[in-house]
Amino acid sequence: MADPDAFQPTRRSLQLSVSGEQARILPDEHDDGWVLEIGGAVQSHVDLHDPTRIRYEYLRRVANVLDAGWPGDRPLRILHLGAGALTLPRYVQLARPGSVQTVVDLDRELPTLVCSVLPLPEGTDLTVVIGDARAELARLEGQEFDAIVLDIYTAVDAAVHLTGSAFYGELLGHLTESGVLLVNIGDDTGLRFLARQAQALEVAAAGAGLTGAWTLADATMLDRLQAGNAVLAAGSALDGQDQAGLHTRLLAAGPHPAAVLVPEQTAALAARIG
């Protein structure tokens, strides 16, 4: 990547051909970073001076699971479903140089815009695939990944084909023997969508011979069933560790106030929400 002190990004905007939304890259109002805005809503944040700084809490929790699953700087093979501003691929490259990463996004223009305005760290090995996440996953037959990150807006009635036990089972089938699936779930007050997806991932995990789904989120969000983002995680990278020790490490990693639910607790939360 160009020296961030010498490289000066500029505001850019364009129309996304598939979604029809306007995408803009703008200076952040609160720090010296940059944000990706799509359809008037801020989607991602990038700090070119320190790409390991992840401001969005749910994405920091995803990074915490990667860090806990593979201590040290071992390179990983990661599939990202949903591009955003490529915040997580930037983090992975600096934390684990030599990682091989693939990103799938529906809008062809988005990765080009992001990379042209906010260059990736030097040495990043990133393949960009344009298309629907589920269709492109089917074309990756035989390919396995240490981690798959599903970070596409779904909610209750959006992209329903990218939710549910069948799709989660397909994703789990593309993991290595020590892999992990991480799913970002955004939900409204009541968290009924989160509960359904947690139950769906539990079914898929059981079908793959796994323990179940972990949940990482803001503690207040889960306590009060408030709107927000939670991360569901499942895979051998979690099952192969001491559960109590892993829980302690993930809880300590934050962001705080943090809640980390082991599979039994995730199942209990989903049952309580109903």
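Two strands are taken as paired if DSSP finds at least two bridges between them. The model described here is predicted.

An open sheet is formed by eight strands. Their order is β7-β6-β5-β8-β9-β11-β10-β12, and the pairing is mixed. The edges are β7 (125-130) and β12, each of which pairs on one side only. From one strand to the next, the twist averages 15°. In general, the strands of a sheet pair through backbone hydrogen bonds, in either a parallel or an antiparallel manner.

Strand β10 spans residues 214-218. Strand β11 covers residues 228-234. Three bridges join β10 to β11, and the two run antiparallel. Within this pair, Trp-214 stands opposite Ala-233 of β11. How enclosed is β10 by the rest of the structure? Residues count as buried at under 20% relative accessible area. Five of the five residues of β10 are buried, so the strand is largely enclosed by the rest of the structure.

Elsewhere in the sheet, the pairing is parallel between strand β5 (residues 77-81) and strand β8 (residues 145-150). Four bridges link β5 and β8. The bridge partner of Leu-79 is Ile-148 in β8.

Helix α1, residues 57-69, packs with helix α9, residues 243-253. It also lies across six named strands: β5, β8, β9 (175-187), β10, β11 and β12. Relative to β9, α1 runs at about 165°.

The packing of α1 with α9 has an angle of about 140°, and the axes are 10 Å apart. Angles over 145 degrees would count as roughly antiparallel, and 65 to 115 as roughly perpendicular. The two helices are therefore oblique to each other. Their crossing is right-handed. From α1, the contact involves Asn-64, Val-65 and Ala-68. These meet Leu-246, Arg-249, Leu-250 and Ala-253 of α9. By class, the residues of this contact comprise five nonpolar, one polar and one charged.

Notes. Residues numbered from 1 in each chain as written. Predicted model: local features only at pLDDT ≥ 70, side-chain atom pairs only at ≥ 80, totals over all residues. Heavy atoms only, no water. Axes fitted to C-alpha atoms, helices over the stretch in contact; angles between N-to-C directions. Parallel < 35°, antiparallel > 145°, perpendicular 65-115°, else oblique. Left-handed = near helix turned anticlockwise from the far one by under 90°. Contact = heavy atoms within 4.5 Å. Nonpolar A, V, L, I, M, F, W, Y, C, P; charged D, E, K, R; others polar. Buried < 20%, exposed > 50% of the residue type's maximum accessible area, 1.4 Å probe, protein only.
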